[in-house]
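Subject: Structure handover

Hi,

Here is the structure we talked about. Please look it over, then read my notes below.

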Amino acid sequence: MKNENKVSTYENPFLPEPARIVRTYHLTEDVKFFQVRIADMEKALSFKYKIGQFAMISVLGAGEAPFSISSTPSRPGLLEFCIRKTGIVTEAIFRLKENDMIGIRGPYGNGFPVEQMRGNDILITMGGLGAAPLRSVLLYCLDNRDQFGRVILLHGAKKPSEMLLREEFLSLKQRQDLECHLSVDKDDTGNWTENTGVVTTLFPKIENLVPSSTYALVCGPPVMYKFVLKELLKLNIPKDQILMTLERRMKCGVGKCGHCAIDYIYTCLDGPVFTYWDVIHMRELI
Amino acid sequence: MKIVKLKKENLFPFLEEISKEADLWAPTKVESDRHKFQAIDDLDQIDIEYTRTILPPRKIILPPTINMFQASDKEYKEDFSHVSKKIIFGIHPCDLHGLLIMDNFFTHEFYDPYYMESRKNTLLLGHSCWPDENCLCKSTRTHIIKEGYDLFFSKIDDTYIVWIGSSKGDDLIRAKEDLFEEDISDKDIKKYTEWGDERDKAFQTEINFDSLRDLMELKYDDPLWKKVGNACLACGSCTNVCPTCNCYNIQDRPVLGENYSEIKRCWDACTLENYSEVAGGENFREKRSDRLKLWYTHKFQVYITEYGKPGCVGCGRCISTCPVDINVKTVGKSLDGEKVDSFWNRLDKEVTK
Ligand SMILES: Cc1cc2nc3c(=O)[nH]c(=O)nc-3n(C[C@H](O)[C@H](O)[C@H](O)COP(=O)(O)OP(=O)(O)OC[C@H]3O[C@@H](n4cnc5c(N)ncnc54)[C@H](O)[C@@H]3O)c2cc1C
Ligand code: SF4
Ligand code: SF4
Ligand code: FES
């Protein structure tokens, strides 16, 4: 006899949860930070997610789109997002104010393999919106500092005003247990005190890295991958310890709509986190 | 399995009886030799002597557009108005296999209630068929079916051998028990097996699906794809007619004069231009050839790897539908080294992209 027990007690995975915007402000001209809380208190506190996962956010009348969760599961209750304005949904999100409602469902995706990363050194390289998923990792590592070896952050932006979460990262520089290197391609302010140059110029600052026990996490604009990957391979970091998150068009997040299909996988289920090995052995990944 | 017999003249009385409890859908003739599944008011509309319908029966379970829910500031109201009790009569084995693939897909990892609630309320009454030159189901081994239906009607002359595939199917029979006979004679069995042998011989087209899985990998960069890509009109027809295509889009449609939106789910096609486009205008599959590769990877490779069966059930719809002759037959045979792509060659010269 077939097991048909799952009958009427299904949960509708497409129904969002109403959530309230608690705080929102501009990070850069076209990127805003959003702190949201699921309206139902119990659901807000039991929303379990992993670093690197994403959620679908919907705005009434505009639609729904996927966004990386930028907060860390080690600080439950509030969810944070960094959102860039680029089209219908994101423009609608930008118009929302504190206390306005959005819909949220998730979390989706595989997330970063925390279990494997534990006990190892973590090298995070981010650029542009790559800060969104990787901030989650960084905060998680810092909240569970004894579970990881060295934690190194390399963050690059075109100019100071375009560096996402600039103040937050600058203040992290004071921490002794984090190696934090920030760089801008060009300083147009005259009072930038950190490194100047593309993000790869930060690599020489990392000393005595033990590649076999290092996990390198990369997220940024397409051009960044090309150059950063070269550096990471030069450092001899194993291909399956280089982790990156990839973007695909997504409509459902639950492996049904087909939009995020690559080869035989669905990015929303088996991604968005992939190893460099996945990327070179699976067609179409980048 | 339980098997009973039904005289041909008793079919309509039986359908009449069971359609009291549910909407009956069956194949009807649209024009010349084109058929479609349609909700039946009058049994005389049914034309069971068909080869393939324009759209597969999945359109009855998950129509091209449905409302998923109403969204307002305060709440989300689920909408399952597409779900009702239905009986689909006259489904061929390939399409039953197609629905089995759908069932599997929509319950894999996440449970999709919009498909499954509708599916659970739909009874499937299969019907035997006779292949034409576009039927590939013998190659995909979907020309026979042993599960996935509630009743299956094998027509032998003026009699139906009726295979009862589920408890619900059995209930249908019980509703009009006196129309059926229990005894299947040796003569019936002989006629049935002879019919089966004849039908087996009637298949005219064969494709080696076993080798296609590897060929998809090995010939990923074959010039063939460029030719096919140049010829493709990106019309999405192949996707809409295929019984194993499942892609869809979600849209938020504000209702005029109200303070809520209807969230709609509509069929989509991976062969369409902006299918994989993301923010910033970046399109991961701008080229038609890339999108077709995705489609054929899905049909030839992915399902075999995941489920041991190809994602094509051999219904032949893409063959009778694509305006420029791109289909599992021509692409499959070309990959397998046969020269069947002269048509695309010509297009290659005429169209430049
Ligand atoms: C896993 C994942 C994580 C992401 N994380 C973030 C993040 O943290 N911050 C952020 O700002 N952005 C993120 N994005 C990108 C974000 O989803 C898109 O910017 C957003 O979908 C654009 O929607 P829109 O309605 O504003 O644009 P639209 O008006 O829909 O269109 C703008 C462009 O986006 C494309 N697009 C439409 N729908 C999608 C979709 N579902 N996914 C991608 N592109 C689409 C359109 O084809 C068009 O080219 C992420 C995407 C993915 C897949
Ligand atoms: S690929 Fe073509 S023949 Fe195969 S199931 Fe789809 S429409 Fe039918
Ligand atoms: S392959 Fe044929 S049916 Fe499919 S999108 Fe291209 S032209 Fe249309
Ligand atoms: S987003 Fe729908 S299948 Fe991945």
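A residue counts as buried when its relative accessible area is under 20%, taken over the protein chains only with a 1.4 Å probe. Cys322(B) comes in at 16%, so Cys322(B) is buried. Cys129(B) has 15% and is therefore buried too. Keep in mind that this is a predicted model.

**Cysteines**

Cys129(B) shows why for its own case: the closest cysteine sulfur belongs to Cys137(B), and the gap is 6.1 Å. The cut-off for a disulfide is 2.5 Å. That distance of 6.1 Å is therefore too far for a bond.

**Ligand 3**

The shell around ligand 3 holds 13 residues. Cys322(B) is among the closest. Sorted by class, ten residues of the shell are nonpolar and three are polar. Charged residues are absent from the shell.

**Chain A against chain B**

Chain A puts 43 residues into the contact, and chain B puts in 50. The two chains bury about 3900 Å² between them. Carbon and sulfur atoms supply 56% of that area. What about charge pairing across the interface: how many salt bridges are there? Zero, by the rule applied. Polar contacts do occur: eleven residue pairs make them between chain A and chain B, with both residues at pLDDT 80 or more.

Best wishes

Note on methods:
Residues numbered from 1 in each chain as written. Chains lettered and ligands numbered in written order. Predicted model: local features only at pLDDT ≥ 70, side-chain atom pairs only at ≥ 80, totals over all residues. Heavy atoms only, no water. Buried < 20%, exposed > 50% of the residue type's maximum accessible area, 1.4 Å probe, protein only. Near = heavy atom within 4 Å. Nonpolar A, V, L, I, M, F, W, Y, C, P; charged D, E, K, R; others polar. Contact = heavy atoms within 4.5 Å. Buried area = accessible area lost by both parts, 1.4 Å probe. Salt bridge = Lys/Arg side-chain N within 4 Å of Asp/Glu carboxyl O. Polar contact = N/O pair within 3.5 Å; in protein donor to acceptor, adjacent residues only side chain to side chain.
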